[in-house]
Amino acid sequence: MTTSILFLVFQVVAVPTFSPLMIGIIRKMKARLQGRVGADIFQPYRDLRKLFSKDEVISSDASWITRFAPYVIFSITLLLGATVPLVTAIAPMIPGRPDLLLTATGDFLVIAYLFALMTFFLALAGMDAGSGFGGFGSSREMMVAALAEAGLIFSLLPASFLAGTGHILDMIGQLENLPMTSAFPLFVAFLAFLIALLAENARFPVDNPATHLELTMIHEAMLLEYSGKRLALMEWAGANKLMIFIALAVNIFFPWGVAFEFSSLQSLAVPVLIFSVKSLGLLMLIALIESLMAKFRIFRVPDLLFTSFVLGMIAVVLTVSLTV
Amino acid sequence: MIDPKNLLQRFGLGITESKVEDNRILFEINASELSSVVRTLKKNHALPLKTVTGSDERAMGRNFRIYYVFGIPKENVFLIPFISVSAENPSFPSLTPEDQEFSMYEREILTFFGLMPIGHPAPERITLHSENFPKDIHPLRKEFRWNTPIVEPKEKEWPTFKKYEGEGVYEIPVGPVHAGIIEPGHFRFSVLGEEILRLEPRLGYVHKGTEKLFEALPSERQVALAERISGDSSFHHALAYCQAIESLASTEIPKRSLYLRMIMAELERLANHYNDLAFIMLDTGLAFGGSQGTRLRERVLQWHERLTGSRFLRGVLAPGGLLKDVPKHELDALRIDLIDLENDFIEVMEAVSESLSLLNRLQNTGRLERSIGEDHGIVGIGARAIGLERDARIDFPYAAYDSVHFSVPTEADGDVYARYKVREREIHQSFKIIHQSIDRAISSNGPVSIPIGNLAPNAHAVGLVEGWRGDIVYFVLTDASGLIMRVKVRDPSFLNWQVFPYLVTSDMVPDFPLINKSLNLSYTGNDL
């Protein structure tokens with residue numbers, strides 16, 4: 001009983017607790033790669049604390065969307081964070097009610113469309129206050145999101161075919177035991193997923209999370225009208241989203257070292273270590289991409305996202321030919 | 001000594017009366033002859049127009065005057081026709097309908113003197129915008145005191161912008177307050193999706209009354225004012241001012257100070273070119289190039305401080321030379337460090353030259369047609385990037401630029417990449433110049449300044465230098481007792497802002513900041 005409560009709590013708070021750390025680490029890595037010292041890795045927590053203790057200004061032209069969207073978006077990331085496998089592949093359970101497994105949001109299609117719902121509210125909020133920049137951000141975000149969605153779904157399909165299930169938790173259990181021959185289609189699918197990850201999380205070469213130039217922004221442009229607590233929620237939700245994507249990437253495409261049982265917190269030590277190493281590797285890759293290349297012209301972004309889709313298709317075809 | 005008659009005849013001008021002041025020939029023409037004289041000089045003989053400005057000389061028993069300053073390249077001679085405009089009929093013929101380049105100058109005269117250019121297609125003020133300033137003030141008229149309190153008008157008149165209409169076309173207002181630490185300027189975009197159909201910049205938000213202040217400040221504080229017109233060009237602005245004053249005083253300054261001035265001027269160019277390359281790369285998101293470029297700039301700024309005590313080379317120039325000598329061991333140390341600084345730069349540029357993602361952003365972005373640049377009198381980096389070999393260091397050699405070897409790099413394409421390449425290649429030329437100047441400075445002993453004599457009365461001097469953006473022109477006038485009564489500053493940005501809308505048309509909105517950075521124009525230098 002206590003362990004399952006403990007586990008539930010762990011699963012719910014893990015993503016919001018550690019996601020700012022990931023942002024901090026990625027910024028630190030980028031700084032070092034660019035020859036700067038950089039702020040320490042806990043800076044995003046301080047930023048959040050600062051924003052939460054500030055007053056906010058909401059445009060008088062804004063409707064309920066502006067007020068409401070941060071809660072919706074943050075809640076979606078909480079929900080996904082609670083169900084996506086981090087270091088364990090066990091469905092969290094309401095204590096005492098084993099029939100109520102929190103598994104409904106574990107299906108990869110549901111995950112993809114919960115992200116789409118987030119984007120939808122974000123884009124609405126961007127346009128809501130009526131500023132020119134917000135409109136730009138929203139229109140660009142919708143272009144990117146519409147194209148990235150195909151890549152996202154097709155990059156998860158091969159894993160689903162191989163495992164014979166659409167549910168992330170079951171998928172990981174199946175994938176770990178697959179023969180090495182299936183590694184190749186999974187690797188191709190990982191490339192497709194990586195591009196979708198970069199696009200969905202407003203990273204290079206699609207968007208520049210570090211820019212102050214309103215005219216070039218995508219994600220940040222939609223947040224320009226936000227301030228104070230709601231901005232903190234939006235920023236935090238963005239960090240959560242990145243962590244969820246990273247968890248998906250490392251657990252589905254590199255499904256080793258995930259725990260399938262939970263007895264005590266101590267038993268999670270090794271899985272946590274393995275998860276950290278894998279995530280750090282992925283964060284490093286993102287930091288490298290952001291330090292070594294220029295951002296794409298916006299009209300080359302569709303080419304990139306199309307590449308993601310095509311890679312996903314190839315992975316699907318390879319998988320099907322393997323399994324038949 | 002110049003023979004004015006022969007010279008004017010060479011240009012087909014039958015002017016009988018003219019006044020020669022050192023290398024400047026002034027002659028009065030009638031307003032009715034203006035168009036033909038200007039056409040002869042500018043069109044037929046392709047003389048570059050250096051500045052056009054007014055001056056209120058009513059206190060000297062004259063009228064308003066409008067001077068048209070032309071330079072003769074390679075000969076270092078200036079032809080200055082001028083017209084008189086009376087206060088009773090405060091208007092003069094506009095040359096804009098036949099030549100774009102005059103447009104802003106004429107609007108500037110309208111703004112500050114209240115003289116109307118007749119025939120100008122859009123005679124609007126360039127600063128002192130009517131939402132903040134009353135309409136009837138003309139600050140450069142002598143009766144306007146520099147400390148007159150300005151009363152904001154009750155009835156504000158807001159600007160109107162040209163409208164593009166059609167399905168899917170919309171307007172985005174940007175600025176004058178921006179998200180980063182950038183100077184204020186308003187940009188009105190008409191866009192179709194992401195494509196820019198039209199850009200209308202509205203500047204003039206940083207009007208500081210600079211030219212009026214020159215008339216109010218005592219002469220010993222005027223260098224400091226020149227240094228603060230455009231902070232990144234402190235040295236070059238002060239240099240142009242000092243050269244104008246030295247020419248008014250007919251003072252030959254010591255050789256050693258000339259070489260030291262060249263070293264400092266080229267160091268300022270280096271620092272800014274490094275900075276621009278860094279920010280061009282940073283705006284494409286190439287953070288590596290951004291941090292390396294700013295690191296290189298920092299190395300140069302530290303040299304500035306070591307040589308002069310100021311990171312921006314302020315407080316070192318004065319009419320008559322320099323306020324501070326640089327000892328030999330520092331010059332030797334600089335020479336050694338320069339070699340390292342150049343190799344460091346080469347290494348960084350090699351590392352980024354293989355970045356296809358960078359090339360892809362720079363090439364074909366922000367392209368300027370050569371003819372549009374020529375029509376608007378583009379100067380500096382922008383001009384050299386469309387293949388116009390314009391450089392005051394070659395065309396009107398000052399200091400001792402005629403005694404050192406260097407070349408003027410040009411590129412043909414006129415896009416962001418061409419401006420980026422021009423900067424990269426100019427950096428190598430600057431190193432060449434500094435090395436030669438160090439050699440000469442070390443071998444020429446003696447003082448670095450001499451006291452300047454009294455300024456010639458009723459005189460007109462031109463101070464012309466090639467700042468890192470382009471040429472900076474100072475036109476300085478003295479009154480009957482040899483006191484400075486008018487200083488006209490022409491920053492390169494004043495001309496280059498005019499071509500800016502053409503650069504971004506049919507480019508995409510997200511590329512605008514990059515194109516903006518590729519020219520990196522000064523707002524304060526434009527708004528004065």
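Guide: Let us begin with A:Asn251. Setting aside neighbours within four places in sequence, A:Asn251 is in contact with A:Pro85, A:Leu86, A:Ile172, A:Val258, A:Phe275 and A:Lys278. The model in view is a predicted one. A:Asn251 belongs to helix α9 of chain A, and with a relative accessible area of 1% this residue is buried. The cut-off for that word is a relative accessible area under 20%.

In α6(A), the residues A:Ile168, A:Met171, A:Ile172 and A:Leu175 meet A:Leu248, A:Asn251 and A:Ile252 of α9(A). Sorted by class, this contact of α6(A) with α9(A) has six nonpolar residues, one polar residue and no charged residues. Two packed helices are described by the angle between their axes and the distance between the axes. Here the axes of helix α6 (residues 168-176) of chain A and helix α9 (residues 228-253) of chain A come within 9 Å, and they cross at roughly 35 degrees.

A:Phe245 and A:Phe253 belong to one aromatic cluster, together with A:Phe115, A:Phe190, A:Phe193 and A:Phe254. Over all chains, the structure holds 34 aromatic pairs. One example is the pair of A:Phe68 and A:Phe121: the ring centres are 6.5 Å apart and the planes stand at 70 degrees, so the pair is edge-to-face. A:Phe68 lies in helix α3 (residues 64-83) of chain A, while A:Phe121 lies in helix α4 (residues 108-128) of chain A, so the pair ties together parts that are 53 residues apart in sequence. The two partners may also be described by their accessibility. A:Phe68, at 39% relative accessibility, counts as partly exposed, whereas A:Phe121, at 14%, counts as buried.

A further example is formed by A:Phe154 and A:Phe309. Their ring centres are 5.0 Å apart and their planes are at 80 degrees, so this pair is edge-to-face. The pair links distant parts of the chain, with A:Phe154 in helix α5 (residues 132-163) of chain A and A:Phe309 in helix α11 (residues 301-323) of chain A, 155 residues apart. At 23% relative accessibility, A:Phe154 counts as partly exposed; A:Phe309 is partly exposed, with a relative accessible area of 23%.

Rings also occur beside charged groups. In chain A, the charged end of A:Arg300 sits over the ring of A:Phe296, 4.3 Å from the ring centre. In chain B, the charged end of B:Lys488 sits over the ring of B:Phe494, 5.3 Å from the centre of that ring.

The backbone deserves attention as well. Most residues other than glycine have a negative phi, and most peptide bonds are trans. Against that background, A:Phe204 and A:Pro205 are joined by a cis peptide bond with omega of about -10 degrees. A:Pro205 lies in the loop between α7 (183-200) and α8 (219-223) of chain A. Chain B has a cis bond from B:Gly175 to B:Pro176, with omega near 5 degrees, and B:Pro176 is placed in the loop between β8 (169-174) and β9 (186-192) of chain B.

Positive phi values may be seen in chain B. B:Asp22, although not a glycine, has a positive phi of about 55 degrees. B:Asp22 is in the loop between β1 (19-21) and β2 (24-28) of chain B and, at 48% relative accessibility, counts as partly exposed. B:Ser250 has a positive phi near 50 degrees and is likewise a residue other than glycine. B:Ser250 is found in the loop between α6 (234-248) and α7 (255-283) of chain B, and a relative accessible area of 65% makes B:Ser250 exposed.

A last stop in chain B is B:Phe133, found in the loop between β7 (116-118) and β8. Not counting residues up to four places away in sequence, B:Phe133 touches B:Arg125, B:Leu128, B:Ile150 and B:Pro153. B:Phe133 and B:Thr53 are 80 residues apart in sequence, and their C-alpha atoms are 22 Å apart in space.

Finally, a word on confidence. Where pLDDT is low, the predicted coordinates should not be read in detail. The mean pLDDT of chain B is 91, and 100% of its residues reach 70 or more. The model scores ipTM 0.80 and pTM 0.89.

Technical notes
Residues numbered from 1 in each chain as written. Chains lettered and ligands numbered in written order. Predicted model: local features only at pLDDT ≥ 70, side-chain atom pairs only at ≥ 80, totals over all residues. Heavy atoms only, no water. Axes fitted to C-alpha atoms, helices over the stretch in contact; angles between N-to-C directions. Helix = DSSP H or I, 4+ residues; strand = E, 2+ residues; numbered from the N terminus. Contact = heavy atoms within 4.5 Å. Nonpolar A, V, L, I, M, F, W, Y, C, P; charged D, E, K, R; others polar. Phe/Tyr/Trp six-rings, centres within 6.5 Å; stacked < 30°, edge-to-face > 60°. Buried < 20%, exposed > 50% of the residue type's maximum accessible area, 1.4 Å probe, protein only. Lys NZ or Arg CZ within 6 Å of the ring centre and 35° of its normal. pLDDT = per-residue confidence, 0-100.
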